[in-house]
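I opened my notebook today to look at the pockets of this protein. Here is what I looked up, entry by entry.

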Amino acid sequence: MDLMKQEIENRIAIYALVSRLMLVEVDETFLNILESDERLLSFFPNYRDWAKRKELSTSELIEQYYNVDFTNLFLMHLVPYESFYTRDDQMIESGGDNPVLELYNELDFRVELDKARVVSPDHLGVELEFMYMLCMAQQKALEAEDKDGICELMQVQRAFLKEHLLEWAPLFLINAKGESRTPLYHDGSELTLEFLLSDFEYVTEKLTLHCTPQTVTTGVLA
């Protein structure tokens, strides 16, 4: 139980980090959180060692580099929406027919498009935030020693990764890594890609080991 508690805390931290990075421009609060946590900073080696971080103030870096890079990657040259990659006509589905909306609604996950400054709920940052929410719910189930709840949430997580994020995000993230102009978004794209792939393997393994029909009513996940 202690191991899974640590694992879910780690997953929550990374999903929170990458969803924020992919959703809106960074600010000084976000960068301070990243730079004050050596474990998180270790996932951004090129950013950590970037010489310009010593030459310019944080506000100058944001205005001259990070905001420009974010605009280039997420607003101008690339399209961070699932429906663009999965529809034959490459149109962004912003209406009620978006395939993620039904799942969001079932789990009471609300997307404020105006506040998030996105045009559709299948934006990469929103889908990563949905995974963060599922992990938070799993943490509560773990604290309550609710084995059935843990297994159900991990089944939802695996399905969402397989049927949504991993269907399109790798291509976007590979392109973002190649198009990035700053180490922050280069490392962030690489981290997100590697984490999604490894998290899918992790969830699959946990479900196989602990959530088979024979074990669904026994104990708490180890």
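How do the residues of the lining of the largest pocket divide into nonpolar, polar and charged? I was working with a predicted model, and I counted 8 nonpolar, 1 polar and 5 charged residues in that lining.

Entry on the largest pocket. I noted a space of about 360 Å³ for the largest pocket. Its lining is made of 14 residues, and I wrote down the ones closest to the centre: Leu-23, Arg-110, Lys-115, Ala-116 and Glu-129. Next I checked which elements give two or more residues to this lining, and found α1 (2-23), α9 (113-116) and α10 (124-143). I saw that α1 gives the most, with 4 residues.

Entry on the second largest pocket. I put down a volume of about 180 Å³ for this one. Which residues line the second largest pocket? My list runs Ala-13, Ala-16, Leu-17, Arg-20, Asp-27, Thr-29, Phe-30, Ile-33, Asp-37, Arg-39 and Leu-40. I sorted that lining by class and got 6 nonpolar, 1 polar and 4 charged residues.

I then asked which elements each supply at least two residues of the lining of the second largest pocket. They are α1, α2 (28-36) and α3 (38-41). Here the largest share, 4 residues, comes from α1.

Key: Residues numbered from 1 in each chain as written. Predicted model: local features only at pLDDT ≥ 70, side-chain atom pairs only at ≥ 80, totals over all residues. Heavy atoms only, no water. 1 Å grid on protein atoms, 1.4 Å probe; cavity = no way out; pocket = protein on both sides within 12 Å on 5 of 7 lines; lining within 4 Å. Points joined across faces, edges and corners; volume = space filled by probe spheres on them. Nonpolar A, V, L, I, M, F, W, Y, C, P; charged D, E, K, R; others polar.
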